Amino acid sequence: MGLSTSLGTAISGLNSAQIGIGVVSQNVANAGTPGYVRRNVSSVDSISGGTVGVSNPNVQRLLDRIVQHQLLQESSGAAYTSTRAQVFANLDQLYGAPGSATALDSMYSTFTSSLQALQNDPSSYTNRTAVLDAASQLANRLRGLSEGVQQQRAQAEAGIGSAVTRVNELLDQLTSVNARIVNAQQTSATADLRDQRDRIVSELSQYVEIRTDERPNGALSISTASGTQLFDGRPTVKFEFDARANIGPQSQWSSDPAQRSVGTIIARDLSGNSFDAIANNTFRSGEIGALVELRDKTLVKAQAQLDEIAAQLSSALSDREIAGTAATAGAATGFDVDLAGLQSGNSVTLDYKVTPGGQTQRFTFVRVDSAASLPLPASAQGDANNRVIGIDFSGGPASVAAQIQAAVGTGFTVSNTGSVLRIVDDGAAGTRDVVGLTARPTQTSLTGGTGELPFFVDGGRNNAAYTGSYDGGAQSVGFASRIAVNPDLIADRSRLVVYNTSPATPQGDTTRPKFLYDRLTSSQRSFTNATGFDGATATSTGTVSSLVQRVVAGQGQASEQAKRLDEGQQVAFASVQSRFLEDTKVNVDEEMSTLIELQSAYAANARVISTVKELLDVLMRL
């Protein structure tokens, strides 16, 4: 090996050692810097023209790509569960601990207890006042809870808008960083850029679950878990969010823009084509996925449960139950019932039994006064054992009978005589038997000879009685935000006892107080599937008291489940994060050991250069 060859080898080794020392110095200086990935120098021995040396020393980051991908996935999951857990915790605080003074179940219990006390002493002015005070507090609590739920939805709406804006910003930031990485060599500066890019991608994963793919040239491609590409050297889509103000119970998301009254996320590609990212299920996890789910499902369900309590509370005290009278038509048997008192939203139920040994099933026919209100919304539907069908009453009794006949089929015969509806079976043995036909009109006056009265009214509709109408939109939607004690009852509290004026009900009569108490605590009611208690398509039954208890207890359980799910996800995220940090963190002792090796290599190469210089000096003197 000649002197020039030795000198070239030593110089390349010296340069490599210098780069390595610089990397070690950078590692030690950033030992505690978040997002910094440990680096080392990768070099390859080369032989060129008889010269042995070190070629193209590259600075490489030391990380496990598989663990990094897992970390991004767990980051999305952690953001999703923590967002949900926070909102559920807010709801739990809003509802109050079961049994506490401000909890909904406690206020309901106070109301029913006041009715029981009134039953024991109906003539007591104090007891009557206590009933109205408890009822007012209960109505106020329902309105407050409804307002709180809608505030949470409004916050979710605003949160979606902020998150969408931030996602667009992050994708824009990636463009310049990614381009600089592609155009640069593998140096410490490039490693810094990769750290910066990873930090951007990590923040992006908190908003949406993503998949990343790095090309051989260092370019990064990003897509969502649902397959929508977000970035490929530059953003491939830009998200837009049309936020809506004044979110209320009637504000619902729909894939039909004409029906939608909350914001949606539109993804627009480079060609100007667009699609609804929520309808496309683009956001399955991450903060945005959680906020969309909370706004459009979780909190809508919470509002529906409050509305159901308000509706059942009102209708239990105001709806009469008029049982049909037995009727026959040859061998066919059934019932007659007068529909004259039905108002929009009131119902008629047909109970029948498939024989032999079949269980009782039901048709529920709901009055509407306009065909535009049909079909009834999904929230009104029942299940296989209780089919809920809207009937347009605008065409008169004969039209009503014809619509009901079409709904029940040939196994029954439906007819009318004026406003009286008759439904009988087919008269054949071993097929089906009509076992009940009941009309449920709403009592709209404080007196009328029966215990029912419009105790609670719809404060948002000029204190109208609650009938469950679907004309002009479902009256039940948002009813919890409008429920109020009938002001006429407050003005004349004697009507809590006096239900008839001719002859006048005695002031000490227990009939109405007992009726009101029993209707709330003993009478079985059918709850709509909007409550979500027994599945998305199932109705359930129970007392109003049990409904209140189920809602309050269910909210507490849901909050606890969300908390446990978040705790589990945070543990999983921390575990993967720990593995990632273990691979990427700087170990100062290890770096010092590497530094000693590099210093020794540097000194050896420097010694070779010095020796070559001395030999050249000797040669020059000869």
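I looked up H6 against H10 and found a left-handed crossing (left-handed if the near helix is turned anticlockwise from the far one by less than a right angle, right-handed if clockwise). The model is predicted: local features need pLDDT of at least 70, side-chain atom pairs count only at pLDDT 80 or more, and totals for chains, interfaces and linings use all residues. Numbering runs from 1 along each chain as its sequence is written, and side-chain values use heavy atoms, with hydrogens and water left out.

**H6 and H10**

I took helices (H or I, at least four residues) and strands (E, at least two) as DSSP runs, numbered from the N terminus. H6 covers residues 286-318 and H10 residues 544-584; they pack at about 165°, axes 10 Å apart. Therefore H6 is roughly antiparallel to H10 (over 145 degrees; under 35 is roughly parallel, 65 to 115 roughly perpendicular, the rest oblique). Axes are lines fitted to C-alpha atoms, for helices over the stretch in contact, and angles run from 0 to 180 degrees between N-to-C directions.

I then listed the contacts (heavy atoms within 4.5 Å). From H6 come Gln305, Glu308, Ile309, Gln312, Leu313 and Ala316; from H10, Val544, Leu547, Val548 and Val551. By class, the contact of H6 with H10 has seven nonpolar, two polar and one charged residues.

**H9**

I checked which residues of H9 (511-521) are buried: Arg512, Pro513, Phe515, Leu516, Tyr517, Arg519 and Leu520. Buried means under 20% relative accessible area, exposed over 50%, partly exposed in between (1.4 Å probe, protein chains only). Their cover includes H3 (104-120), H6 and H10.

**The sheet**

I found three strands in an open sheet, order S3-S4-S5, with antiparallel pairing (two strands pair if DSSP finds at least two bridges between them). S3 (210-214) and S5 (229-232) are the edge strands, each pairing on one side only. The twist averages 15° from one strand to the next. S4 (residues 220-224) pairs with S5 over three bridges. I noted Ile222 opposite Phe231 in S5. Helix H4 (residues 125-183) packs on the sheet, touching S4 and S5, and its direction makes about 25° with that of S5.

**Gln405**

I placed Gln405 in H7 (residues 397-408). Gln405 counts as partly exposed because its relative accessibility is 24%. Leaving aside neighbours within four places in sequence, Gln405 is in contact with Phe412, Thr413 and Val414. I also looked up Ser415: Gln405 and Ser415 are ten residues apart in sequence and 8.1 Å apart in space, C-alpha to C-alpha.

Conventions. Ala, Val, Leu, Ile, Met, Phe, Trp, Tyr, Cys and Pro count as nonpolar, Asp, Glu, Lys and Arg as charged, and the others, Gly among them, as polar.
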